[in-house]
Amino acid sequence: MTTLVMQGPELTPAQAQAIADRLNARLEPCARGHFRAQIINTIDADTLNRLSQEYHADLNLLADSFDPTTVRLVISDMDSTLINIECIDEIADFAGIKPQVSAITEATMHGELNFEQSLTKRVGLLTGLDAGALDHVYRERLRPNPGAETMIAGLHAKGVKVALVSGGFTYFTEQLKTQLKLDYARGNTLDIIDNKLTGKILGNIVGAEGKRDFLLELCSTLDITPKQAIAIGDGANDLIMMKEAGLSIAYHAKPKVQAQAHTVLNHCGLEGVLSLLNLPH
């Protein structure tokens, strides 16, 4: 049998039972914050999507091969996943070029542009900008997405390590690591001279392959297999990393990512990750 996880801010026990009945599934006890049912029959994706829209809830099937009790690492993308903004777009706002940079970001996240090339182009457009813009973005515009702190606390309570990886910048990943008490973080380092952005990135760019490599590196460090890791993302450059993990989660993600991920969260905040592991929140 396959496990169906049902959750959403407005999902009631009666609605969960109704969904289970329509799917000929058996509702079972579970940790607070979500509902679980055992599925006997095969369910096609279209049926699940229709029910998800009808009840405004996230409905996810967990593969029989996924064992939540073995998870030891959760690795998340930063921009529009762990946090509410695309940092480079907000930095560009201080240079008066947000629309131009945002358009490139959007196309990249949909998988229409090569990430490394597009990042180089976007950073180049920021040449000469006062580095103080980074601080303004962090203090005034950046916020953890709903449920982020709950997710991290719940994972740490179960001994699960939490990592942040980003095609964005270490200025933000390192501060978030401290603020949110993350175990690991990796991003790209902006070149700054005389408090001005030079339009360049120092070292190798952390792109799609870099994110995957970081996941595999952490698995080696923790002496676990990738199947014991969960990867969360929203854009096309997260897909290579997500394919390595035992469970991939598309968080309020682009259509291409939702189509390829094991699970999708469109209605819940990040606390929904705990529900997929049958942990309370």
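**Close-up 1. Helices α1 and α2 are roughly antiparallel to each other, a term for angles over 145 degrees.** In this predicted model, local features need pLDDT of at least 70 and side-chain atom pairs count only at pLDDT 80 or more, while totals for chains, interfaces and linings use all residues. Residues are numbered from 1 along each chain as its sequence is written, and side-chain values use heavy atoms, with hydrogens and water left out. The axes of α1 (residues 13-22) and α2 (residues 45-55), which are lines fitted to C-alpha atoms over the stretch in contact, come within 12 Å and cross at roughly 160 degrees. The contact (heavy atoms within 4.5 Å) is made by Q15, A18, I19 and R22 of α1 together with L51, E54 and Y55 of α2.

**Close-up 2. Helix α6 (residues 115-124) has the buried residues F115, S118, L119, R122 and V123.** Buried means under 20% relative accessible area and exposed over 50%, with partly exposed in between (1.4 Å probe, protein chains only). Seen down the axis of α6, the buried residues fall within an arc of 130 degrees, so they line one face of the helix. The face turned away from this buried side carries the exposed residues Q117 and K121. At the start of α6, a side-chain oxygen of N114 reaches to within 3.1 Å of the backbone nitrogen of E116.

**Close-up 3. S80 and K181 have positive phi values.** Most residues other than glycine have a negative phi. In S80, found in helix α3 (residues 78-82), phi is near 65 degrees. In K181, which lies in the loop between α9 (170-179) and β7, phi is near 60 degrees. K181 counts as exposed at 63% relative accessibility, whereas S80, at 22%, counts as partly exposed.

Key. Helices (H or I, at least four residues) and strands (E, at least two) are DSSP runs, numbered from the N terminus. The arc is that of the directions from the helix axis to the C-beta atoms. A polar contact is a pair of N or O atoms within 3.5 Å; within protein, one must be able to donate a hydrogen and the other to accept it, and residues adjacent in sequence count only if both atoms are side-chain atoms. Axes are lines fitted to C-alpha atoms, for helices over the stretch in contact, and angles run from 0 to 180 degrees between N-to-C directions. Angles under 35 degrees count as roughly parallel, over 145 as roughly antiparallel, 65 to 115 as roughly perpendicular and the rest as oblique.
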